[in-house]
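Please read them alongside the coordinates.

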Amino acid sequence: MVRTTVSIIKADIGGLAGHHIVHPKLKEIAASELAEAKSSRIIEDFYITSVGDDLQLIMTHRKGVDSSEVHGLAWNTFKKCADAAKELGLYGAGQDLLKDAFSGNLRGMGPGVAEMEFEERPSDPIVVFMADKTEPGAFNLPIFKIFADPFNTAGLVIDPKLHSGFIFEIMDVIESKVVELSSPEDMYDILSIIGTPSRYVIKRVFRKVDREIAASISTTRLSLIAGKYVGKDDPVAIVRAQAGFPALGEILEPFSFPFLVAGWMRGSHAGPLMPVSERDARPTRFDGPPRIVALGFQVKDSKLIGPSDLFSDVAFDETRRMANFIADYMRRHGPFMPHRLGPEEMEYTTLPEVLKKLEGKFRHE
């Protein structure tokens, strides 16, 4: 049986009118590059989109995760788009490309990557999540609820294929090490660390009965690579649905609550994560609020069928209304915490440059 790999690779390579949207010309370049790669069988299929100022490459292929061919294709595509962004004078042109030369795969080079390889089921639905103006840890709460919270996912109680639970691979992004914990037996241990999303990030989820991959999340922290603030990470994720995995509605349900995430303006503020359609993934207010888009696909013979724009449903209108209310409430704090992030997070923003100027003005009491 042929195994299929789904790869989502994204990068901010230049925004129109600031950190706003991707210029159509960059999408055209990306589509041309990936169409050529499809004709030469480097990839089997692709879908190009954008969320805010991030260009998203959704690809299927048969070369496994961390393929140098596929990662090299994405890197070269982003480089060509960055060159065009510079010619157009777009803001932050090439800002997520933190290295000068491709070195075999994209880890540590800036672009965000979520990938999974699996043997296709007769019907294999997936959900692709793409966020803007936030960090990878923003997925901790919803991924936990999807795969470990029976009040969210009824299948954990009534579906024998889900009842045994799931294994969470959690990454310490500060020390670059991972731990595997199982739900439900390690539930409190899982919560004890993923509640610190700036450091501990869910990277992958496996079905416990057979270790079949269930979800994959990008874990790139740009500031830790660059040593300074170069833009927010804007993570992506893939979640498999139905027939032994949570149902589509169970996967989307956590996003009906606009929980607070780190990011927003200058990557320095907490704000509500607002689920929106592709059309509305155009953050403006205080460069936000943080947005998330969900696209549903069927994967068949390594081809992408779809997508369906899942958050365009009116059922999420109340969530968006609540997100706007929360945005009003948080903005009224101005430069004060808890709207502005804590000092450990501000260390990787532009604030240290301001504090350095004040060093000589402090005196001991």
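1. Aspartate 287 lies in the loop that joins strand E13 (274-275) to strand E14 (291-300), where strands (E, at least two residues) and helices (H or I, at least four) are DSSP runs numbered from the N terminus. With a relative accessibility of 22%, aspartate 287 counts as partly exposed; buried means under 20% relative accessible area, exposed over 50%, and partly exposed in between, using a 1.4 Å probe and protein chains only. Not counting residues up to four places away in sequence, aspartate 287 touches His19, Lys133, Trp264 and Met265, contact meaning heavy atoms within 4.5 Å.

2. On provenance, this is a predicted model, in which local features need pLDDT of at least 70 and side-chain atom pairs count only at pLDDT 80 or more, while totals for chains, interfaces and linings use all residues. Residues are numbered from 1 along each chain as its sequence is written, and side-chain values use heavy atoms, with hydrogens and water left out.

3. An unreviewed UniProt entry places the feature "binding site" at His19, Lys133, Arg266 and Asp287. These positions are spread over 269 residues of sequence, yet they cluster in space, with a largest C-alpha distance of 9.6 Å. Such annotations may be inferred rather than shown by experiment; their positions follow the numbering used here, and the feature names are shortened.

4. The "binding site" annotation, again from an unreviewed UniProt entry, also covers Asp12, His19, Asp53 and Gln95. Although these residues span 84 residues in sequence, no two of their C-alpha atoms are more than 11.1 Å apart, so they gather at one spot.

5. Histidine 19 is found in the loop between strand E1 (3-11) and helix H1 (24-39), and at 22% relative accessibility it counts as partly exposed. Its contacts, leaving out residues up to four places away in sequence, include Asp53, Lys133 and Asp287. The side chain of histidine 19 makes a polar contact with the side chain of aspartate 53 at 3.0 Å; a polar contact is a pair of N or O atoms within 3.5 Å, and within protein one atom must be able to donate a hydrogen and the other to accept it, with residues adjacent in sequence counting only if both atoms are side-chain atoms.

6. Aspartate 53 sits in the loop between strand E2 (45-51) and strand E3 (54-61), and at 2% relative accessibility aspartate 53 counts as buried. Neighbours within four places in sequence aside, aspartate 53 is in contact with residues including Asp12, His19, Lys133 and Asp234.
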